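The sequence and structure are shown first.

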Amino acid sequence: MVTTPFSPKSSHQPRSKSLPCRPHPLIVQCNQHLGSLEASDATSSSSSLFHHKLSGLQTLHDCVEKLVLLPLTQKVLIQEHQEKWVDELLDGSLRLLDVCTVAKDALLHTKECARELQSIMRRKRGGEMEVTAEVRKFLASRKVVKKAILKALENLKATMKKGKSSPSNQDHQTAILVSLFKDVEVITLSILESLLNFISGPVQSKPSNWSLVSKLMRNKKVTCTQESDQNEFADVDAALQSFVLHMKSDNINHLQNQLENLELVIQDFVEGLETLFKRFIKIRVSLLNILNH
């Protein structure tokens, strides 16, 4: 079983509420959304919980998009154009797009293979042998998905080895915005990493290979106790592996039900990721327009 490297007892650093001056209401809203996501990400994971987390990320990035368009934010970005943290902000926006794309591609590939398997099961023209052959194809496709996810997370880990820069000046408003942008990237990557692990399901892998977000920026941590929660991807993998071993025809109807349920979960995830991807695109375009103005 794939596990995230975070301990169930880990907790996020508390968000500071004592600011020397009153921040803009949008900054307050973003911090509130961040706090909610940090709290939800410290809970166990299931498909229904991931649905709520993706919805929460959409709300957060809606707020961030509005924040980026504020004159005060644009002023900071223009003044800090040559600062390293601005380039890192743009690099971070690309990371979010890349990880979101990996997750969506993995889901769509699994969905397509699941549909092909269901089609064979419904026809049963070749009997159990044909069904078993298609099951083996599905399991082989899942291995491809898992390898792609592992490679993507390893690439992400390589890009995140260096620490994040801070503003060279001590302007309070700039420091607040930089901290907020960093926190948004951290929690978003945390949830997307957990989702990728959930999609991957059980593989023979050491937890250390997945130690990514725990080393990002401010060492935010996430809890993902997949072992104690239902994972439709893992359930289907296990059921199909059992079918290949025993080839009991009376299990086919049950397998079809599991595959149909998995397809619904996948569709829900894909819709959430597509919406989130559009948010990422809009924010990146806004940032580039401001910096290139």
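## Salt bridges in the predicted model

A salt bridge is counted here where a side-chain nitrogen of Lys or Arg lies within 4 Å of a carboxyl oxygen of Asp or Glu. Side chains of opposite charge can pair when their charged atoms come close. The structure is a predicted model, and it holds seven salt bridges.

Lys282 belongs to helix α8 (residues 252-291) and Glu65 to helix α2 (residues 47-68), so that the pair links distant parts of the chain, 217 residues apart. The two partners can be described by their accessibility: Lys282, at 46% relative accessibility, is partly exposed, whereas Glu65, at 12%, is buried.

Arg115 forms a salt bridge with Glu263, and here the closest N and O atoms are 2.6 Å apart. Because Arg115 lies in helix α4 (residues 84-123) and Glu263 in helix α8, this pair ties together parts that are 148 residues apart in sequence. Arg115 has a relative accessibility of 44% and counts as partly exposed, while Glu263 is buried, with a relative accessible area of 16%.

## Cysteines

How many disulfides does a search of the whole structure find? The search finds zero. Among the cysteines, Cys63 counts as buried at 4% relative accessibility, and Cys100 likewise counts as buried, at 1%.

## Overall architecture

The secondary structure of the chain consists of eight helices and zero strands. Of the 293 residues, 51% count as buried. Among contacts between residues at least 6 apart in sequence, 86% join residues at least 24 apart. The accessible surface of the chain comes to about 14300 Å², and 52% of this area belongs to carbon and sulfur atoms.

## The nonpolar core

The largest nonpolar core has 76 residues, of which Leu67, Met121, Val135, Phe233, Leu240 and Phe269 touch the most other members. At least two residues of this core are supplied by each of α1 (25-40), α2, α3 (71-79), α4, α5, α6 (172-200), α7 (232-246) and α8. The largest share comes from α4, with 16 residues.

What does Leu67 contact when its neighbours within four places in sequence are left aside? Its contacts are Leu26, Ile27, Cys30, Thr73, Leu177, Leu180 and Phe181.

Gln241 is located in helix α7 and, with a relative accessibility of 43%, counts as partly exposed. The C-alpha atoms of Gln241 and Val135 are 8.2 Å apart in space, although the two residues are 106 apart in sequence.

His51 is located in helix α2 and is partly exposed, with a relative accessible area of 36%. Beyond its neighbours within four places in sequence, His51 is in contact with Asp268 and Phe269. His51 and Val265 are 214 residues apart in sequence, with a C-alpha to C-alpha distance of 9.0 Å.

## Confidence in the coordinates

The mean pLDDT of the chain is 81, and 77% of its residues reach 70 or more. Two of its segments call for separate mention. Over residues 1-14, pLDDT stays under 50, and the model has 45 contacts beyond four places in sequence for this segment. Over residues 204-228, pLDDT also stays under 50, and the model has 76 contacts beyond four places in sequence there. Where pLDDT is low, the predicted coordinates should not be read in detail.

Key:
Residues are numbered from 1 along each chain as its sequence is written. This is a predicted model: local features need pLDDT of at least 70, side-chain atom pairs count only at pLDDT 80 or more; totals for chains, interfaces and linings use all residues. Side-chain values use heavy atoms; hydrogens and water are left out. Helices (H or I, at least four residues) and strands (E, at least two) are DSSP runs, numbered from the N terminus. Buried means under 20% relative accessible area, exposed over 50%, partly exposed in between (1.4 Å probe, protein chains only). A disulfide is a pair of cysteine sulfur atoms within 2.5 Å. pLDDT is the predictor's confidence in each residue, from 0 to 100. Contact means heavy atoms within 4.5 Å. Accessible areas come from the Shrake-Rupley method with a 1.4 Å probe; for residues, only the protein chains shown count as cover. A nonpolar core is a set of buried Ala, Val, Leu, Ile, Met, Phe, Trp, Tyr and Cys residues joined through side-chain atoms within 4.5 Å.
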